[in-house]
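This report describes selected features of one protein structure, moving from charged pairs to sheets and helices. Please keep the sequence and the 3D view open while reading.

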Amino acid sequence: MKGIEREPLPGFRDFEPADCAQRNFIFNQWRSVAHTFGYEEFDGPIVEPLDLFTQKSGPEIVEQLFSFQDKGERAIALRPEMTPSLVRMVGKRLATLKRPTKWFNITEQFRYERPQKGRLRSFYQFNADIIGESSSAADAELIALAIATFQKFGLKKEHFHVRLSDRQLWVLWLKVFGVNQEQEVGVLLGILDKWERRSPESIQEDLKTVFKDDTKAVLFFGATELLRKARTLDAIRECFHNCQPSSDMEALDQRLSEFKVLLQELESLSVRDWVTLDLTIVRGLAYYTGFVFEVFESGDQGRALAGGGRYDHLFEKLVGQPMPAVGFAAGDVTLTDLLRKQTLLRPYQSSVDYYVVFEQTERQQALLLAQQLRAAGFSVLYSLDLQKDLGKQQKKAYTDASHYVITLTHELTSKGTVQIKDVKSGIEQVVELKSLPEYLQQ
């Protein structure tokens, strides 16, 4: 008979106590920062109707999902992200929704993709969203929240940075080259999103296919290379002007003005120094409609740690009612790697407040004491072995890293006392049983 596999499935993880403690530490830090920004926690089911994700991202998304048919012959999927579930949940109560709504959650997500460094099939995400506010103040707060979550772990500017971009500027850029059709815009945004990871030759081949004009494709490639290097609003405007100096610049100037307001908000929130204007960030998900950003680990090989942006059209697409929204997500896998590299993860130490050891004649009294301590909120261990003598119990107590060891012997309890030893300092004291609760509280 074949034995049970000793390792989890590819892309999944076991969380033994030390790993689970580190994961919970990360969760607690995320939750703490979200509360300081006034966000409310929510959650949703781990499975959703498959069409909730295909309606948002198209049928091609199925290849990236854990999808199947349940016993009711419904097509369902393990959630690959939380935004569609959020839209579904909020969509039920749009008429009574307070605005803006600020929600966050920490959930496990699943994607059927090839496991690699920083990317697993099962992972946890911190998600935060503002719903019902269209101003760039909401975008600025989300970016400030993202930065605060990384600062909470002790990470500094030399460890991570934010790259800020705008999908609307890219759409305006495509219009300069005569691209207005939604399908062509989507294809070109996809090419722009993967620009950094491809060779110039392969990019130009795809551009020729879209433009159906070799000369225009070459011009677009060269001009786009310059725009991607722009790091100020003035440099962006100059790129547009050089491509089409006689065009109506009103829409561009309006968008650059809105971008300027966003940067001013970031300045007021004291996070502007963490943010670089960087149009190389496009974000592959098609539902983004405005400002987008990604948090990156610093360094030449720095990986993306978080990402998000504005998705004003998704509510109308999924629930039939328009609603402005902006959000971001940060994953636990790359964050854990970074914290471990910077030695910012707390070392795990299994410990309890009290370990009660006793002569077997005092077992009943010892168990009663253990329950009283637990009722007072302390963590307590004692030997479950009915035969283990006092010496072996004490040896076990010290190896289990207890803060204090309480000893009950017949001689002590006959006098109404117990002995307490501070394991760290080695100090021992004899305390009356009746005054023990008050003593321990002190």
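Does Asp-312 count as buried, exposed or partly exposed, and at what relative accessibility? Asp-312 counts as partly exposed, because its relative accessibility is 21%, where buried means under 20% relative accessible area, exposed means over 50%, and partly exposed lies in between (1.4 Å probe, protein chains only).

The structure is a predicted model, in which local features need pLDDT of at least 70 and side-chain atom pairs count only at pLDDT 80 or more, while totals for chains, interfaces and linings use all residues. Residues are numbered from 1 along each chain as its sequence is written, and side-chain values use heavy atoms, with hydrogens and water left out.

**Salt bridges**

Side chains of opposite charge can pair when their charged atoms come close. A salt bridge is taken here as a side-chain nitrogen of Lys or Arg within 4 Å of a carboxyl oxygen of Asp or Glu, and by this rule the count comes to 25 salt bridges. The table lists some of them.

| Salt bridge | N to O distance |
|---|---|
| Glu-113 with Arg-119 | 2.9 Å |
| Arg-303 with Asp-337 | 3.3 Å |
| Asp-312 with Arg-310 | 2.9 Å |

Arg-303 lies in the loop between β9 (291–297) and β10 (304–310), whereas Asp-337 lies in helix α12 (residues 332–341), so this pair ties together parts that are 34 residues apart in sequence. Helices (H or I, at least four residues) and strands (E, at least two) are DSSP runs, numbered from the N terminus. Asp-337 counts as partly exposed because its relative accessibility is 23%, and Arg-119 counts as partly exposed at 38%. Arg-310, the partner of Asp-312, counts as buried because its relative accessibility is 5%. Salt bridges that share partners also join Arg-163, Glu-196, Arg-231 and Asp-278 into one network.

**The sheet of β2, β4 and β3**

An open sheet of 3 strands has the order β2-β4-β3, with antiparallel pairing, where two strands pair if DSSP finds at least two bridges between them. Its edge strands are β2 and β3 (67–69), each of which pairs on one side only. Neighbouring strands of this sheet are turned against each other by 35° on average, direction ignored. Between β3 and β4 (residues 75–78) there are 3 bridges in the antiparallel sense, and Gln-69 has Ala-75 in β4 as its bridge partner. Helix α2 (residues 50–57) lies across β2, β3 and β4, running at about 65° to β2; axes are lines fitted to C-alpha atoms, for helices over the stretch in contact (heavy atoms within 4.5 Å), and angles run from 0 to 180 degrees between N-to-C directions.

Val-47 lies in strand β2 (residues 47–49) and counts as partly exposed, because its relative accessibility is 33%.

**Helix α3**

Helix α3 (residues 83–91) is mostly covered, with 8 of its 9 residues buried; among them are Leu-86, Val-87, Met-89 and Val-90. The cover over the buried residues of α3 includes β2, α2, β5 (101–110), β6 (122–131) and α11 (314–319).

**The β15–β16 hairpin**

Strands β15 (residues 417–422) and β16 (residues 428–432) run antiparallel and are joined by 5 bridges, and Thr-417 has Glu-432 in β16 as its bridge partner. The two strands form a hairpin with 5 residues between them, and Gly-426 in the turn has a positive phi of about 85°.
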